Amino acid sequence: MKHITCIEDLRQLHKRRVPKAFFDYADRGSYTEDTLRANSEDLQQIKFRQRILVDVSKRDLKTTILGEPAAMPLILAPVGLLGMQHGDGEILACRAAQAAGIPFTQSTMSICSIEDIAAAVDKPFWFQLYVMKDRGFIKALIERAIAARCSALVLTVDLQVIGQRHQDIKNGMTVPPEWSLSKLVDFASKPAWVSGVLRGKRRTFGNLAGHLKVDQDITSLSTWINSQFDTSLNWKDIDWIRSIWPGKLILKGILDVEDAEIAAKTGAQAIVVSNHGGRQLDGAPSSIEVLPEIVDAVGSQVEVMFDGGIRTGMDVMRALALGAKSCMIGRAYAYGLGAGGQAGVTEAINVLAKELLTTMGLCGVNTIAEIDDKVLAV
(Lines give C-alpha, C1' and ligand atoms only; values in the text may rest on other atoms or scores of the structure.)
Protein backbone atom coordinates (compact mmCIF):
# COMPACT_ATOMS: atom_id res chain seq x y z
CA MET A 1 0.00 0.00 0.00
CA LYS A 2 3.04 2.27 0.26
CA HIS A 3 2.91 3.78 -3.23
CA ILE A 4 -0.86 3.90 -3.77
CA THR A 5 -1.78 7.33 -5.11
CA CYS A 6 -5.34 6.81 -6.38
CA ILE A 7 -8.19 4.31 -6.78
CA GLU A 8 -6.84 3.26 -10.18
CA ASP A 9 -3.65 2.07 -8.47
CA LEU A 10 -5.78 -0.17 -6.26
CA ARG A 11 -7.69 -1.39 -9.32
CA GLN A 12 -4.49 -2.45 -11.08
CA LEU A 13 -3.27 -4.24 -7.95
CA HIS A 14 -6.66 -5.93 -7.56
CA LYS A 15 -6.48 -7.09 -11.19
CA ARG A 16 -3.08 -8.71 -10.57
CA ARG A 17 -3.98 -10.39 -7.29
CA VAL A 18 -7.49 -11.78 -7.87
CA PRO A 19 -8.61 -14.39 -10.45
CA LYS A 20 -10.00 -12.88 -13.64
CA ALA A 21 -13.59 -14.07 -13.14
CA PHE A 22 -13.93 -12.34 -9.79
CA PHE A 23 -12.09 -9.17 -10.84
CA ASP A 24 -14.33 -8.88 -13.90
CA TYR A 25 -17.43 -9.48 -11.78
CA ALA A 26 -16.57 -6.37 -9.77
CA ASP A 27 -15.16 -4.30 -12.61
CA ARG A 28 -17.46 -4.79 -15.58
CA GLY A 29 -21.02 -3.81 -16.55
CA SER A 30 -23.93 -5.00 -18.66
CA TYR A 31 -24.15 -5.32 -22.43
CA THR A 32 -21.98 -2.73 -24.25
CA GLU A 33 -21.21 -0.95 -20.95
CA ASP A 34 -22.30 2.46 -22.25
CA THR A 35 -23.91 3.40 -18.93
CA LEU A 36 -20.93 2.07 -16.98
CA ARG A 37 -18.63 4.41 -18.90
CA ALA A 38 -21.06 7.33 -18.76
CA ASN A 39 -21.14 7.21 -14.96
CA SER A 40 -17.46 8.14 -14.77
CA GLU A 41 -17.19 10.24 -17.92
CA ASP A 42 -20.11 12.51 -17.04
CA LEU A 43 -18.69 13.16 -13.59
CA GLN A 44 -15.36 14.17 -15.11
CA GLN A 45 -17.08 16.72 -17.35
CA ILE A 46 -18.15 18.74 -14.30
CA LYS A 47 -15.57 21.44 -13.59
CA PHE A 48 -14.78 23.29 -10.37
CA ARG A 49 -14.54 26.97 -9.61
CA GLN A 50 -11.07 27.53 -8.18
CA ARG A 51 -10.95 30.08 -5.37
CA ILE A 52 -7.87 31.73 -3.86
CA LEU A 53 -6.87 33.51 -0.66
CA VAL A 54 -9.66 31.94 1.39
CA ASP A 55 -8.83 30.71 4.90
CA VAL A 56 -9.25 26.94 4.56
CA SER A 57 -7.21 26.01 7.63
CA LYS A 58 -10.16 24.38 9.40
CA ARG A 59 -11.46 21.97 6.78
CA ASP A 60 -13.63 19.20 8.20
CA LEU A 61 -15.31 16.25 6.48
CA LYS A 62 -17.73 15.47 9.32
CA THR A 63 -21.41 15.24 8.45
CA THR A 64 -24.53 13.27 9.32
CA ILE A 65 -26.02 10.38 7.37
CA LEU A 66 -29.61 9.47 8.21
CA GLY A 67 -29.28 11.55 11.37
CA GLU A 68 -26.19 9.71 12.57
CA PRO A 69 -22.73 11.29 12.79
CA ALA A 70 -20.29 10.23 10.06
CA ALA A 71 -16.64 11.06 9.61
CA MET A 72 -17.24 11.92 5.94
CA PRO A 73 -20.15 11.80 3.46
CA LEU A 74 -19.30 8.31 2.25
CA ILE A 75 -20.99 4.91 2.50
CA LEU A 76 -19.66 1.51 1.43
CA ALA A 77 -22.35 0.28 -0.97
CA PRO A 78 -23.62 -3.30 -1.12
CA VAL A 79 -21.36 -5.42 -3.34
CA GLY A 80 -22.04 -9.10 -3.88
CA LEU A 81 -19.35 -11.76 -3.51
CA LEU A 82 -16.89 -9.66 -1.49
CA GLY A 83 -15.72 -12.86 0.16
CA MET A 84 -14.47 -14.04 -3.24
CA GLN A 85 -12.38 -10.90 -3.70
CA HIS A 86 -10.64 -11.67 -0.40
CA GLY A 87 -11.36 -14.24 2.28
CA ASP A 88 -13.97 -12.92 4.76
CA GLY A 89 -14.22 -9.85 2.54
CA GLU A 90 -17.50 -8.59 4.01
CA ILE A 91 -16.14 -8.69 7.54
CA LEU A 92 -12.93 -6.92 6.56
CA ALA A 93 -14.74 -4.21 4.60
CA CYS A 94 -17.17 -3.62 7.47
CA ARG A 95 -14.31 -3.30 9.94
CA ALA A 96 -12.53 -0.80 7.69
CA ALA A 97 -15.70 1.28 7.30
CA GLN A 98 -16.46 1.30 11.00
CA ALA A 99 -12.87 2.23 11.86
CA ALA A 100 -13.20 5.12 9.41
CA GLY A 101 -16.51 6.22 10.95
CA ILE A 102 -18.74 5.56 7.93
CA PRO A 103 -21.54 3.04 7.20
CA PHE A 104 -21.02 -0.36 5.58
CA THR A 105 -23.83 -2.06 3.63
CA GLN A 106 -23.90 -5.85 3.39
CA SER A 107 -25.32 -7.38 0.21
CA THR A 108 -27.96 -10.10 0.29
CA MET A 109 -25.65 -11.99 -2.11
CA SER A 110 -22.66 -11.84 0.19
CA ILE A 111 -20.34 -14.70 1.04
CA CYS A 112 -20.31 -14.06 4.80
CA SER A 113 -23.75 -14.23 6.42
CA ILE A 114 -25.47 -11.49 8.39
CA GLU A 115 -24.61 -13.38 11.57
CA ASP A 116 -20.95 -13.80 10.55
CA ILE A 117 -20.52 -10.04 10.27
CA ALA A 118 -22.54 -9.21 13.39
CA ALA A 119 -20.36 -11.54 15.45
CA ALA A 120 -17.15 -9.99 14.09
CA VAL A 121 -17.82 -6.25 14.48
CA ASP A 122 -18.79 -4.01 17.38
CA LYS A 123 -21.22 -1.59 15.75
CA PRO A 124 -24.42 -1.92 13.69
CA PHE A 125 -24.14 -2.04 9.91
CA TRP A 126 -26.64 -1.65 7.07
CA PHE A 127 -28.23 -4.58 5.24
CA GLN A 128 -29.23 -4.54 1.56
CA LEU A 129 -32.26 -6.57 0.51
CA TYR A 130 -33.27 -8.13 -2.79
CA VAL A 131 -36.94 -9.08 -2.69
CA MET A 132 -37.35 -12.57 -4.14
CA LYS A 133 -40.40 -14.69 -4.95
CA ASP A 134 -39.91 -16.76 -1.80
CA ARG A 135 -41.42 -14.19 0.57
CA GLY A 136 -41.04 -16.54 3.54
CA PHE A 137 -37.29 -16.48 2.99
CA ILE A 138 -37.30 -12.68 2.59
CA LYS A 139 -39.33 -12.22 5.78
CA ALA A 140 -36.85 -14.45 7.63
CA LEU A 141 -33.94 -12.49 6.14
CA ILE A 142 -35.39 -9.18 7.35
CA GLU A 143 -35.91 -10.71 10.80
CA ARG A 144 -32.29 -11.87 10.81
CA ALA A 145 -31.20 -8.30 10.00
CA ILE A 146 -33.32 -7.06 12.92
CA ALA A 147 -31.75 -9.65 15.24
CA ALA A 148 -28.28 -8.60 14.07
CA ARG A 149 -29.12 -4.98 15.02
CA CYS A 150 -28.70 -3.68 11.47
CA SER A 151 -29.34 0.06 11.60
CA ALA A 152 -30.80 0.54 8.10
CA LEU A 153 -32.38 -1.59 5.41
CA VAL A 154 -31.35 -0.75 1.84
CA LEU A 155 -33.99 -2.07 -0.55
CA THR A 156 -32.61 -2.46 -4.07
CA VAL A 157 -35.46 -1.75 -6.48
CA ASP A 158 -33.81 -2.03 -9.91
CA LEU A 159 -33.15 -5.77 -10.18
CA GLN A 160 -36.50 -7.31 -11.09
CA VAL A 161 -35.00 -8.27 -14.46
CA ILE A 162 -31.28 -8.99 -14.62
CA GLY A 163 -29.15 -7.15 -17.17
CA GLN A 164 -26.79 -9.52 -18.98
CA ARG A 165 -23.16 -9.13 -18.06
CA HIS A 166 -21.28 -10.53 -21.02
CA GLN A 167 -17.96 -10.95 -19.23
CA ASP A 168 -19.47 -13.07 -16.45
CA ILE A 169 -20.87 -15.45 -19.05
CA LYS A 170 -17.57 -15.64 -20.89
CA ASN A 171 -15.72 -16.29 -17.62
CA GLY A 172 -18.17 -18.99 -16.50
CA MET A 173 -18.62 -17.04 -13.26
CA THR A 174 -20.06 -19.24 -10.49
CA VAL A 175 -19.91 -19.32 -6.68
CA PRO A 176 -18.26 -21.47 -5.54
CA PRO A 177 -16.09 -21.67 -8.69
CA GLU A 178 -16.63 -24.41 -11.22
CA TRP A 179 -13.26 -25.79 -12.11
CA SER A 180 -11.72 -25.72 -15.58
CA LEU A 181 -8.14 -25.93 -16.77
CA SER A 182 -7.95 -22.19 -17.44
CA LYS A 183 -9.29 -21.40 -13.97
CA LEU A 184 -6.87 -23.81 -12.32
CA VAL A 185 -3.99 -22.09 -14.07
CA ASP A 186 -5.34 -18.65 -13.11
CA PHE A 187 -5.88 -19.66 -9.47
CA ALA A 188 -2.47 -21.35 -9.27
CA SER A 189 -0.84 -18.06 -10.25
CA LYS A 190 -2.51 -16.32 -7.26
CA PRO A 191 -1.56 -18.40 -4.19
CA ALA A 192 -2.13 -15.56 -1.69
CA TRP A 193 -5.72 -15.17 -2.89
CA VAL A 194 -6.33 -18.92 -2.74
CA SER A 195 -4.91 -19.12 0.78
CA GLY A 196 -7.02 -16.19 1.95
CA VAL A 197 -10.27 -17.55 0.53
CA LEU A 198 -9.59 -21.01 1.93
CA ARG A 199 -9.07 -19.49 5.38
CA GLY A 200 -12.35 -17.58 5.10
CA LYS A 201 -15.48 -18.69 6.88
CA ARG A 202 -17.39 -19.49 3.68
CA ARG A 203 -17.05 -19.98 -0.07
CA THR A 204 -20.71 -19.78 -1.05
CA PHE A 205 -23.61 -17.43 -0.33
CA GLY A 206 -23.77 -17.26 3.47
CA ASN A 207 -27.25 -15.78 3.71
CA LEU A 208 -28.66 -18.71 1.75
CA ALA A 209 -26.93 -21.38 3.86
CA GLY A 210 -29.50 -23.50 5.65
CA HIS A 211 -32.35 -22.27 3.46
CA LEU A 212 -31.48 -24.47 0.50
CA LYS A 213 -30.67 -28.12 1.08
CA VAL A 214 -28.66 -27.95 -2.13
CA ASP A 215 -26.76 -24.78 -1.26
CA GLN A 216 -23.40 -26.40 -1.97
CA ASP A 217 -24.45 -27.55 -5.45
CA ILE A 218 -23.51 -24.93 -8.04
CA THR A 219 -26.12 -25.79 -10.64
CA SER A 220 -29.01 -26.06 -8.20
CA LEU A 221 -28.01 -22.90 -6.36
CA SER A 222 -27.72 -20.88 -9.57
CA THR A 223 -31.05 -22.21 -10.82
CA TRP A 224 -32.78 -21.23 -7.57
CA ILE A 225 -31.28 -17.72 -7.53
CA ASN A 226 -32.15 -17.03 -11.17
CA SER A 227 -35.71 -18.23 -10.63
CA GLN A 228 -36.22 -16.00 -7.60
CA PHE A 229 -35.98 -12.52 -9.12
CA ASP A 230 -39.56 -11.31 -8.96
CA THR A 231 -40.90 -9.44 -11.99
CA SER A 232 -44.17 -8.77 -10.13
CA LEU A 233 -42.44 -6.61 -7.50
CA ASN A 234 -44.20 -3.25 -7.18
CA TRP A 235 -44.71 -0.25 -4.90
CA LYS A 236 -47.25 -2.11 -2.73
CA ASP A 237 -44.52 -4.52 -1.66
CA ILE A 238 -42.79 -1.70 0.18
CA ASP A 239 -45.77 -1.54 2.54
CA TRP A 240 -45.28 -5.24 3.28
CA ILE A 241 -41.57 -4.69 3.99
CA ARG A 242 -42.35 -1.75 6.27
CA SER A 243 -44.78 -3.96 8.21
CA ILE A 244 -41.82 -6.20 9.12
CA TRP A 245 -38.88 -3.79 9.23
CA PRO A 246 -39.14 -1.23 12.07
CA GLY A 247 -36.07 0.83 11.28
CA LYS A 248 -34.72 3.23 8.67
CA LEU A 249 -35.48 2.33 5.06
CA ILE A 250 -33.49 3.37 1.99
CA LEU A 251 -34.64 2.75 -1.59
CA LYS A 252 -31.69 2.19 -3.93
CA GLY A 253 -31.99 2.36 -7.71
CA ILE A 254 -33.96 5.56 -8.37
CA LEU A 255 -33.16 7.14 -11.74
CA ASP A 256 -36.38 8.93 -12.68
CA VAL A 257 -38.12 11.97 -11.18
CA GLU A 258 -41.56 10.35 -11.24
CA ASP A 259 -40.21 7.30 -9.40
CA ALA A 260 -38.44 9.57 -6.91
CA GLU A 261 -41.70 11.38 -6.16
CA ILE A 262 -43.49 8.08 -5.51
CA ALA A 263 -40.56 6.83 -3.41
CA ALA A 264 -40.74 9.97 -1.25
CA LYS A 265 -44.30 9.04 -0.27
CA THR A 266 -43.48 5.48 0.87
CA GLY A 267 -42.14 6.40 4.27
CA ALA A 268 -38.55 5.69 3.27
CA GLN A 269 -36.01 7.94 4.95
CA ALA A 270 -33.68 8.10 1.95
CA ILE A 271 -33.32 7.24 -1.71
CA VAL A 272 -30.17 6.39 -3.67
CA VAL A 273 -29.87 7.84 -7.16
CA SER A 274 -28.29 4.86 -8.90
CA ASN A 275 -28.25 2.82 -12.11
CA HIS A 276 -26.72 -0.20 -10.37
CA GLY A 277 -23.24 0.81 -11.42
CA GLY A 278 -24.03 0.32 -15.09
CA ARG A 279 -24.79 -3.34 -14.45
CA GLN A 280 -28.49 -3.29 -15.32
CA LEU A 281 -30.16 -1.07 -17.98
CA ASP A 282 -27.44 -0.29 -20.48
CA GLY A 283 -28.34 2.96 -22.21
CA ALA A 284 -29.79 4.48 -19.05
CA PRO A 285 -28.50 7.96 -18.17
CA SER A 286 -25.58 8.32 -15.82
CA SER A 287 -26.47 8.82 -12.18
CA ILE A 288 -24.95 12.30 -12.09
CA GLU A 289 -27.01 13.40 -15.13
CA VAL A 290 -30.31 12.86 -13.31
CA LEU A 291 -29.19 13.80 -9.79
CA PRO A 292 -30.02 17.57 -9.93
CA GLU A 293 -33.60 17.11 -11.13
CA ILE A 294 -34.28 14.42 -8.53
CA VAL A 295 -32.85 16.62 -5.77
CA ASP A 296 -35.04 19.50 -6.95
CA ALA A 297 -38.12 17.27 -6.89
CA VAL A 298 -37.73 15.44 -3.56
CA GLY A 299 -34.64 16.71 -1.78
CA SER A 300 -36.73 18.51 0.82
CA GLN A 301 -38.72 15.33 1.58
CA VAL A 302 -36.12 12.55 1.74
CA GLU A 303 -32.37 12.32 2.08
CA VAL A 304 -30.85 11.91 -1.38
CA MET A 305 -27.77 9.72 -1.68
CA PHE A 306 -25.67 9.24 -4.80
CA ASP A 307 -24.17 6.12 -6.36
CA GLY A 308 -22.46 5.64 -9.69
CA GLY A 309 -18.93 6.23 -10.95
CA ILE A 310 -17.24 7.62 -7.83
CA ARG A 311 -13.49 7.06 -8.27
CA THR A 312 -12.07 10.20 -6.69
CA GLY A 313 -12.71 12.63 -3.88
CA MET A 314 -13.38 15.16 -6.64
CA ASP A 315 -16.29 12.97 -7.76
CA VAL A 316 -17.68 13.03 -4.22
CA MET A 317 -17.45 16.83 -4.26
CA ARG A 318 -19.26 16.98 -7.63
CA ALA A 319 -22.17 14.89 -6.35
CA LEU A 320 -22.45 16.93 -3.16
CA ALA A 321 -22.36 20.14 -5.17
CA LEU A 322 -25.34 18.92 -7.19
CA GLY A 323 -27.38 18.16 -4.10
CA ALA A 324 -26.50 14.70 -2.80
CA LYS A 325 -26.12 14.47 0.99
CA SER A 326 -23.72 11.53 0.81
CA CYS A 327 -22.19 9.14 -1.71
CA MET A 328 -21.98 5.37 -2.00
CA ILE A 329 -18.88 3.69 -3.39
CA GLY A 330 -18.82 0.10 -4.64
CA ARG A 331 -16.05 -0.66 -7.11
CA ALA A 332 -13.67 1.82 -5.45
CA TYR A 333 -13.52 -0.13 -2.19
CA ALA A 334 -13.87 -3.56 -3.87
CA TYR A 335 -10.64 -2.74 -5.69
CA GLY A 336 -9.05 -1.99 -2.34
CA LEU A 337 -10.33 -5.23 -0.84
CA GLY A 338 -8.95 -7.30 -3.70
CA ALA A 339 -5.69 -5.39 -3.59
CA GLY A 340 -5.02 -5.70 0.13
CA GLY A 341 -7.89 -6.90 2.30
CA GLN A 342 -8.94 -4.61 5.14
CA ALA A 343 -5.86 -2.42 4.68
CA GLY A 344 -6.80 -1.97 1.03
CA VAL A 345 -10.33 -0.86 1.88
CA THR A 346 -8.91 1.57 4.43
CA GLU A 347 -6.55 2.87 1.75
CA ALA A 348 -9.45 3.42 -0.67
CA ILE A 349 -11.37 5.39 1.96
CA ASN A 350 -8.29 7.43 2.85
CA VAL A 351 -7.52 8.24 -0.80
CA LEU A 352 -11.02 9.61 -1.31
CA ALA A 353 -10.92 11.55 1.98
CA LYS A 354 -7.60 13.21 1.14
CA GLU A 355 -8.75 14.10 -2.37
CA LEU A 356 -11.99 15.57 -1.05
CA LEU A 357 -10.16 17.64 1.55
CA THR A 358 -7.76 18.99 -1.07
CA THR A 359 -10.58 19.82 -3.48
CA MET A 360 -12.48 21.63 -0.75
CA GLY A 361 -9.42 23.70 0.04
CA LEU A 362 -8.82 24.70 -3.58
CA CYS A 363 -12.50 25.60 -3.96
CA GLY A 364 -12.46 27.72 -0.79
CA VAL A 365 -14.77 25.72 1.48
CA ASN A 366 -14.17 24.34 4.97
CA THR A 367 -17.20 22.18 5.71
CA ILE A 368 -19.44 19.69 3.92
CA ALA A 369 -22.43 21.93 4.61
CA GLU A 370 -20.80 24.71 2.54
CA ILE A 371 -20.61 22.59 -0.60
CA ASP A 372 -23.23 23.57 -3.19
CA ASP A 373 -23.36 24.41 -6.88
CA LYS A 374 -21.38 27.61 -6.22
CA VAL A 375 -18.19 25.50 -6.12
CA LEU A 376 -18.76 24.55 -9.77
CA ALA A 377 -17.60 26.51 -12.80
CA VAL A 378 -20.40 27.83 -14.97
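Eight strands make an open, parallel sheet, ordered S3-S10-S9-S8-S7-S6-S5-S4. Strands here are DSSP E runs of at least two residues, helices H or I runs of at least four, numbered from the N terminus, and two strands pair if DSSP finds at least two bridges between them. S3 (74–76) and S4 (105–106) sit at the edges with a single partner strand each, so one side of each has no neighbour in the sheet. Inside, S6 (residues 152–156) and S7 (residues 248–254) run parallel, joined by five bridges, and Leu 155 faces Leu 251 in S7.

This is a predicted model: local features need pLDDT of at least 70, side-chain atom pairs 80 or more, while totals for chains, interfaces and linings use all residues. Numbering starts from 1 along each chain as its sequence is written, and side-chain values use heavy atoms, without hydrogens or water.

Now the nonpolar cores: sets of buried Ala, Val, Leu, Ile, Met, Phe, Trp, Tyr and Cys joined through side-chain atoms within 4.5 Å. Buried means under 20% relative accessible area, exposed over 50%, partly exposed in between (1.4 Å probe, protein chains only).

| Core | Size | Residues include |
|---|---|---|
| Largest | 114 residues | Leu 76, Phe 104, Leu 129, Ile 271 |
| Another | 13 residues | Leu 66, Ala 70, Ala 77, Met 328 |

As for helix H8 (residues 181–188), its buried residues are Lys 183, Asp 186 and Phe 187. They fall within an arc of 95° (directions from the helix axis to the C-beta atoms), so they line one face of H8. On the other side, Leu 181, Val 185 and Ala 188 are exposed.
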